[in-house]
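Please look through the following briefing with the sequence and the structure side by side, and find each residue as it is named.

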Amino acid sequence: MEKGNFYLIPEGEKGQEIIEKLLENQAMWIERITSFGSKTPEGVWYDQDTDEWVLLVKGRAQLEFEDGFLLDLNEGDWVFIPAGERHRVTYTSFDPSCLWLAIHMKKPGERP
């Protein structure tokens with residue numbers, strides 16, 4: 001058995017992001033992401049092989065999608081990002097820092 005506290009936020013510096021894998025099995029993995037005013041570097045896009053469901057538990061953030069769509073997120077907002085949907089983080093609040101719950105789902109038959 002493993003146990004933890006999701007709200008026990010690690011210390012970080014402005015511009016830093018900490019990603020912690022909380023659980024993984026053959027079908028998916030769950031991450032806690034803490035963002036301290038960080039964003040994706042200019043010209044960099046996430047292009048993931050997995051579907052991702054992400055919940056902004058605390059803070060404010062903005063995602064940009066390759067087609068130019070900007071999505072503002074506030075506490076409690078969630079978004080489903082299909083595999084291959086190019087996106088980037090353009091803003092995360094520093095005070096309060098952003099606390100995310102991300103669930104990545106592997107395709108059937110994909111190996112961990």
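This is a predicted model: local features need pLDDT of at least 70, side-chain atom pairs count only at pLDDT 80 or more; totals for chains, interfaces and linings use all residues.

**The largest pocket**

- When the lining residues of the largest pocket are divided by class, eight are nonpolar, three are polar and three are charged.

**The second largest pocket**

- The second largest pocket has a volume of about 200 Å³, and its lining is made up of Glu2, Lys3, Gly4, Asn5, Phe6, Glu20, Leu22, Leu23 and Arg32.
- Strand E1 supplies the largest share of this lining, namely three residues.
- By class, the lining of the second largest pocket has four charged, three nonpolar and two polar residues.

- Arginine 32 and glutamate 20, both among the residues that line the second largest pocket, form a salt bridge in which the closest N and O atoms are 2.8 Å apart.
- This pair links distant parts of the chain, since arginine 32 belongs to strand E2 and glutamate 20 to strand E1, twelve residues apart.
- Arginine 32 counts as buried because its relative accessibility is 7%, while glutamate 20, with a relative accessible area of 25%, is partly exposed.
- A salt bridge also joins arginine 88 to glutamate 42, with 3.4 Å between the closest N and O atoms.
- Here too distant parts of the chain are linked, with arginine 88 in strand E7 and glutamate 42 in the loop between E2 and E3, 46 residues apart.
- Arginine 88 has a relative accessible area of 4% and is therefore buried, whereas glutamate 42, at 66%, is exposed.
- Glutamate 66 and arginine 86 form another salt bridge, and their closest N and O atoms are 2.8 Å apart.
- Because glutamate 66 lies in the loop between strand E4 (61-65) and strand E5 (70-73), and arginine 86 in the loop between strand E6 (78-81) and E7, the pair ties together parts of the chain that are 20 residues apart in sequence.
- Glutamate 66 is partly exposed, with a relative accessible area of 48%, and arginine 86 also counts as partly exposed, at 26% relative accessibility.
- A network of salt bridges links Lys21, Glu24 and Lys106.

**Serine 35**

- Serine 35 lies in strand E2, and it counts as buried because its relative accessibility is 0%.
- The side chain of serine 35 makes a polar contact of 2.9 Å with the side chain of glutamate 17, and another polar contact, of 3.1 Å, with the side chain of tryptophan 100.
- If its neighbours within four places in sequence are left aside, serine 35 is in contact with Gln16, Glu17, Thr92, Ser93, Ser97, Cys98 and Trp100.

**Isoleucine 18**

- Isoleucine 18 is part of strand E1, and at 18% relative accessibility it counts as buried, because the cut-off for that term is under 20%.
- Between the C-alpha atoms of isoleucine 18 and phenylalanine 36 there are 8.6 Å in space, although the two are 18 residues apart in sequence.
- Not counting residues up to four places away in sequence, isoleucine 18 touches Pro10, Glu11, Arg32, Ile33, Thr34 and Phe36.

**Histidine 104**

- Histidine 104 is found in strand E8, and with a relative accessible area of 5% it is buried.
- The side chain of histidine 104 makes a polar contact of 3.1 Å with the side chain of glutamate 31, and one of 3.4 Å with the side chain of threonine 50.
- Residues touched by histidine 104, not counting those up to four places away in sequence, are Ala27, Met28, Trp29, Glu31, Gln48, Thr50, Asp51 and Glu52.
- Histidine 104 and alanine 83 are 21 residues apart in sequence, and 9.4 Å apart in space from C-alpha to C-alpha.

Methods
Residues are numbered from 1 along each chain as its sequence is written. Side-chain values use heavy atoms; hydrogens and water are left out. Ala, Val, Leu, Ile, Met, Phe, Trp, Tyr, Cys and Pro count as nonpolar, Asp, Glu, Lys and Arg as charged, and the others, Gly among them, as polar. On a 1 Å grid over the protein atoms alone, a cavity is a set of points where a 1.4 Å probe fits but cannot get out, and a pocket is an open set with protein on both sides within 12 Å along at least five of seven lines; lining residues have an atom within 4 Å of a point. Grid points are joined across faces, edges and corners, and a volume is the space filled by probe spheres set on the points. Helices (H or I, at least four residues) and strands (E, at least two) are DSSP runs, numbered from the N terminus. Buried means under 20% relative accessible area, exposed over 50%, partly exposed in between (1.4 Å probe, protein chains only). A polar contact is a pair of N or O atoms within 3.5 Å; within protein, one must be able to donate a hydrogen and the other to accept it, and residues adjacent in sequence count only if both atoms are side-chain atoms. Contact means heavy atoms within 4.5 Å. A salt bridge is a side-chain nitrogen of Lys or Arg within 4 Å of a carboxyl oxygen of Asp or Glu.
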